[in-house]
Amino acid sequence: MKQPDAKQARGIPAEYRQGELPEYRGNPLIEAIPPFRTAKELMPFFGKYPHVGNADRLLPPRLRMLAVLRLNDYLEPLHDQFDLVEQIEIVILAGYVQRNPATSDYQKALINLYRKSMAGSICPIQTSGPSTAPSCSLFGISGGGKSTVVERILSFYPQAISHPKYGFTQLVWLKLDCPLDGSLKQLLRTLILRIDEILKTTYAELSTRAGVDELVGWVAKIAAQHHLGLLVIDEIQNLLQASGVGPAKMLNFFVTLANDAKIPFCVVGTSKAKAFLETLFREARRLSASAFWDRMSPGKHWDYFLRRLSKYQWTADPVDLSDPKMSKLVYFHTQGIRDLVVRLFQLCQLRAIRSGSERISARLIENVVSESFVLLRRPLDALRSGNPDEIEKYEDLLSSGLLQLRSQVVAGKGPTLEQSQRAETKRKSDRLRLLSNLLKLGIDEKEAQLAVDAVFSNVPANQVRREQIFSKIIAADLQNPGESLIEHFREAMENGADMIAAPSSGENKARRGAGR
C-alpha cells in the first residue's frame, strides 16, 4: 500500500526569529512559534468579551435576545489561571528543546523510529536530553472553565506550520475531547482523523484495521513525524469509564507518547479522574505538574467576577450582580461554578426581555432556577453539603445539567413574532399614556413631549416604572424644563401615581397641586 507523503501536509508558511536562549537557536520548531510570554503579559489579551453598548439596549426585544448569546464564549481572566497559562507554554518549549529536526542525530533517530514502527515495533528516539517528554494535568469541577482556558491558551499558537526549507509540516498542538462512553481505540482513531483534517493527509486510510497496540504505534509515529508540540486530551474521565480500558493500556499509550516519541501531553478532566490518573502517572513518573481548579468561594475574586459579568446586559434596566444581596443569591444557586453563573445570567436576561420586565430581580432568578435547574438540584445540594462523597456521586449529573442549560440558552434565544409585535405596540401605548397624564397634570405640551422623549430615549419596549421616569427626567439635559416639571413629578410620585397607568386619585391630587 502506498504510504502518504508527509511533505504534502499543509500549514502556515514558517517565519523564523532567532531563539532567545542558546538552546533555542537553530531549532526551527522553536524559532517558528511565538516567544514565551508571562501570564502577566498575556492576560490583557486573554479575555473574551462580547460587544455591548447603550445602542444595543435600544434594539427590539428579538435582537437583544439574540445578543445575549454573545455570552456563550465569555471568558474572564482570573488569578488561578495564571500558572496554567505559563505551564502549557513551558511544556511546549521544553518538549521542543531536545527535538531539533535541523540536527543530523535527531533526523537519524526519526528515520529509525519510522522504519521500526513500519515493522510493527516502537523504536525510542535516542537523544541526549531527558528520557521522557514534559507533561501536565488539570482537574476540577465541571463548569469551572478548564476547557475554555486551555483552548484560549492554545489559540495564541498557530496549529500547523509548514517548513518548506526543512521539508516537513509542524503540528504545534492538538486537542481532543474523549467521547462519552468512548474506547481508547476510538480515541486513537479520532486523533488520526483530526491530524488528517488539519494537515490534509490520509493517515486514517492506513489504520482502518489496526488494533489498539498498533494504533498506539501509529499515533506515536505520526506525532513524531509532524513534531507535535502538545497533545491535550480533555474529558479524560470519559475514557476511564469506558469498557475495556484498563490501567495497563492507558499507561502504555502515554508512556509510548512521552518516552518513545518524546511528545508532551496534557490531560484535563473532572475530580473523578484526578485520584486515578495521578496515582497511575506518579507510579510511572510521567506527570510533571498537576493543578486542581475548584469552584469559586465568596469573597473578592467572586465579587470581581460578578462585577465584570454585570457589564454584559441587554435588558433596559441593568443590575449589579455583585450587590451583596444579589451576590449571595447567585452564589446559593450556582455554588461558585463559573459556567453555571454565566448560563443563569443569560437565562435571566432572556426571561426579563421576553416578559417585558426588563430587569433581573431576585424573584425572576428564583423562577428561572425552579424551571431550568431541575437536573442540577441534587448536584447543587451536594455541593452545599460539602460532603465529598455526595459531591462525587453527582459529578456526572452536574456535567449533564450544564450541557442541558447551554441547550436551553440557545433554544430560548428569541421571542415569537407575536411577542415582539405586542412589545412594540405596548411601547407606543406607554408613550401616549405618559404624554396624556403629563398634560392632565397641567404641564405645558412642549415640555411634556420633551419629558416623554427623555424617558423613552434610553428605554426599549418595556413597562417603564415611575421610579425610572423620575430619575431619568431629573438626569435629562432638557433645554429649559422649568422647576414646575420636577415638582409635578415629585408630588405625583409622593402620592403613589404611576405616570404611565391611567390617571388615579394620586394624579388628581398632583394635578390640584400643579394649579397652586
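The charged end of Arg338 lies over the ring of Trp293, at 5.9 Å from its centre, and Arg384 is placed over the face of Phe332, 4.1 Å from the ring centre. Such a charge counts as sitting over a ring if NZ of Lys or CZ of Arg is within 6 Å of the ring centre and within 35 degrees of the ring normal. The model is predicted, and local features need pLDDT of at least 70, side-chain atom pairs count only at pLDDT 80 or more, while totals for chains, interfaces and linings use all residues. Residues are numbered from 1 along each chain as its sequence is written, and side-chain values use heavy atoms, with hydrogens and water left out.

**The protein as a whole**

The protein has 23 helices and eight strands, where helices (H or I, at least four residues) and strands (E, at least two) are DSSP runs numbered from the N terminus. Of its 516 residues, 51% are buried; buried means under 20% relative accessible area, exposed over 50%, and partly exposed in between, with a 1.4 Å probe and protein chains only. Among contacts (heavy atoms within 4.5 Å) between residues at least 6 apart in sequence, 75% join residues at least 24 apart.

**Strand β2**

All six of the six residues in strand β2 (residues 135-140) are buried. In a regular strand the side chains alternate between the two faces of the sheet. In β2 both faces are covered, with Ser135, Ser137 and Phe139 buried on one side and Cys136, Leu138 and Gly140 buried on the other. Strand β2 pairs with strand β7 (residues 265-269) in the parallel sense over five bridges, and Phe265 is the bridge partner of Ser135 in β7; two strands pair if DSSP finds at least two bridges between them.

**Aromatic pairs**

The structure holds nine aromatic pairs, in which rings of Phe, Tyr and Trp (its six-membered ring) have centres within 6.5 Å, planes under 30 degrees apart counting as stacked, over 60 as edge-to-face and the rest as tilted. One of them is the stacked pair of Phe46 and Phe156, with 6.1 Å from centre to centre and 5 degrees between the planes. This pair links distant parts of the chain, 110 residues apart, with Phe46 in the loop between α2 (39-42) and α3 (61-67) and Phe156 in the loop between α6 (146-154) and β3 (160-163). Phe46 is buried at 0% relative accessibility, whereas Phe156 is partly exposed at 24%. The rings of Tyr166 and Phe168 form a tilted pair, because their planes stand at 40 degrees, with centres 6.2 Å apart. Ring pairs also link Tyr16, Tyr166 and Phe168 into a cluster.

**Salt bridges**

Side chains of opposite charge can pair when their charged atoms come close. The structure contains 13 salt bridges, each a side-chain nitrogen of Lys or Arg within 4 Å of a carboxyl oxygen of Asp or Glu, including the following.

| Salt bridge | N to O distance |
|---|---|
| Lys175 and Glu151 | 3.1 Å |
| Arg194 and Glu197 | 3.3 Å |
| Arg351 and Glu371 | 2.6 Å |

Lys175 belongs to strand β5 (residues 173-177) and Glu151 to helix α6, so their pair ties together parts that are 24 residues apart in sequence. Lys175 is buried at 12% relative accessibility, while Glu151 is partly exposed at 41%, and a network of salt bridges links Glu151, Lys175, Asp177 and Asp234. Arg194 and Glu197 both lie in helix α7 (residues 184-199), three residues apart, which is about one turn of the helix.
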